[in-house]
Amino acid sequence: MKENEYDFIIIGAGVTGLAAAMYGARLGLKTLVLGASHGSELPVGGVITTTNIVENYPGFIRLSGDELAEKIKLHALEYDLVSIKKEKVEKVEKEKEGFSVKTDKKEYMGKAILFATGTKWKKLDVPGSKEFENRGVAYCALCDAILYKNKIVGLVGGSDSAAKDTLVLAEHAKKVYIIYRGEQIHPEPINLKRVQEKKNIEIINKTNVLEIKGDSVLKSVVLDKAYKESRELMLDGLFIAIGHIVLSDLAKPLGVNLNNKGEIIIDHKTSETNIQGVYAAGDVADKPFKQAITGVAEGCTAAYSAYEYITKAKVEM
């Protein structure tokens with residue numbers, strides 16, 4: 001097999017892709033992980049690296065997202081058959097035998113492909129959101145919370161991720177407002193309890209942010225209804241936690257089936273798509289319950305399915 005040829009090419013180096021690489025190598029597959037997935041600016045380790053505390057991954061009572069990602073990466077690199085490259089994938093094409101994967105640096109050939117590209121943060125589309133990005137508007141609480149020591153910040157969102165981000169912010173900020181369009185935020189019960197117990201967190205329900213205002217930096221947000229007799233809420237920073245956009249653009253030209261959310265449709269027994277030799281796992285796949293542990297499981301399943309496909313179909317390049 002030539003230097004640029006692999007049995008198994010994994011696009012995306014989050015915990016899903018890294019676990020799949022470890023499993024593929026155990027099965028004897030020469031495996032390449034390409035870490036800069038299309039549209040993602042996250043480091044090797046993926047979105048879990050922006051999580052302060054992980055408490056729901058079996059085998060670890062409590063650790064940081066960075067620590068979990070590093071452990072899985074080091075496990076994968078225990079196998080000489082695994083290579084991890086920080087290259088941006090630009091195109092994936094079906095060849096007569098196998099697939100070509102073109103990056104910003106090189107072209108690789110693979111017998112089977114796994115899309116573990118995950119998601120990216122959904123932006124708040126209101127006046128001022130682009131203008132004040134990195135000048136008060138932020139998306140990663142773990143990355144930027146320390147910049148708001150003893151300041152007043154807001155967070156838009158009501159999910160479990162939003163609640164966890166709020167708890168990180170509350171460790172540094174003097175005051176944190178959760179601004180949520182629904183009647184009640186809906187995190188996991190334990191995180192809801194933690195939010196409710198924090199004296200410096202206040203929830204503003206049934207409210208939307210209409211505009212972000214400031215001068216050189218963010219100064220306030222305009223709400224769609226009055227809060228304490230004013231529709232303008234003075235803030236030093238605003239964090240956005242309103243969900244994610246699925247990064248499936250690379251898979252679409254191959255003819256891979258997507259659902260109306262843009263998620264890649266897979267056989268949940270095998271992680272296979274409608275295209276033979278093409279697999280998907282983790283947040284990019286069409287599973288409603290998305291966690292690190294479920295993504296890792298799908299990635300390992302994909303590796304085994306790829307091994308069976310390669311050996312039974314006797315794929316050559």
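Visitor: How many disulfides does the structure hold?
Guide: This is a predicted model, and the structure holds 1 disulfide. C140 and C143 form that disulfide, with their sulfur atoms 2.1 Å apart.

Visitor: And which hand does the disulfide of C140 and C143 have?
Guide: The disulfide is right-handed, because the torsion about the S-S bond of C140 and C143 is about 70°.

Visitor: Is C140 buried or exposed?
Guide: C140 counts as buried, since its relative accessibility is 7%, and that falls under the 20% limit used for buried residues.

Visitor: What about C300, then?
Guide: C300 has a relative accessibility of 15%, so C300 counts as buried.

Visitor: Okay, on to strands. Which way do the residues of β14 point?
Guide: Strand β14 covers residues 237–240, and G237 and F239 point one way from the strand while L238 and I240 point the other way. All of these residues are buried, whichever way they point.

Visitor: How many bridges join β7 to β14?
Guide: Strand β7, residues 137–138, is joined to β14 by 2 bridges, and these strands run parallel. Within that pairing, A138 has F239 of β14 as its bridge partner.

Visitor: How does β8 pair with β14?
Guide: Strand β8, residues 152–156, pairs with β14 in the parallel sense over 4 bridges. V156 has its bridge partner in β14 as well, namely I240.

Visitor: Switching to helices: how far does α2 reach?
Guide: Helix α2 runs over residues 65–76, has 12 residues, and reaches 17 Å from its first C-alpha to its last, which is close to the 16 Å expected at 1.5 Å a residue.

Visitor: Which residues of α2 are buried?
Guide: In α2 the buried residues are G65, L68, A69, I72 and A76. Seen down the axis of α2, these buried residues fall within an arc of 95°, so they line one face of the helix.

Visitor: Why would residues three or four places apart in a helix point the same way?
Guide: An α-helix has 3.6 residues a turn, so residues at that spacing point the same way.

Visitor: What do the buried residues of α2 pack against?
Guide: The buried residues of α2 pack against α1 (15–26), β3 (82–94) and α6 (292–313).

Visitor: New topic: where is T103 found?
Guide: T103 is found in strand β4, which spans residues 99–103, and with a relative accessibility of 7% T103 counts as buried.

Visitor: What does the side chain of T103 reach?
Guide: The side chain of T103 reaches the backbone nitrogen of K105 at 3.0 Å. If its neighbours within four places in sequence are left aside, T103 is in contact with L34, E87, K88, V89, E90 and Y108.

Visitor: Last one, about the backbone: what phi does N134 have?
Guide: N134 is not a glycine, yet N134 has a positive phi of about 70°. Most residues other than glycine have a negative phi. N134 sits in the loop between β6 (119–121) and β7, and N134 counts as exposed at 70% relative accessibility.

Visitor: And what phi does E229 have?
Guide: E229 also is not a glycine, and its phi is positive at about 70°. E229 lies in the loop between β12 (218–227) and β13 (230–234), where E229 counts as exposed because its relative accessibility is 81%.

Technical notes: Residues are numbered from 1 along each chain as its sequence is written. This is a predicted model: local features need pLDDT of at least 70, side-chain atom pairs count only at pLDDT 80 or more; totals for chains, interfaces and linings use all residues. Side-chain values use heavy atoms; hydrogens and water are left out. A disulfide is a pair of cysteine sulfur atoms within 2.5 Å. Buried means under 20% relative accessible area, exposed over 50%, partly exposed in between (1.4 Å probe, protein chains only). Two strands pair if DSSP finds at least two bridges between them. The expected span of a helix is 1.5 Å times one less than its number of residues. The arc is that of the directions from the helix axis to the C-beta atoms. Contact means heavy atoms within 4.5 Å. A polar contact is a pair of N or O atoms within 3.5 Å; within protein, one must be able to donate a hydrogen and the other to accept it, and residues adjacent in sequence count only if both atoms are side-chain atoms.
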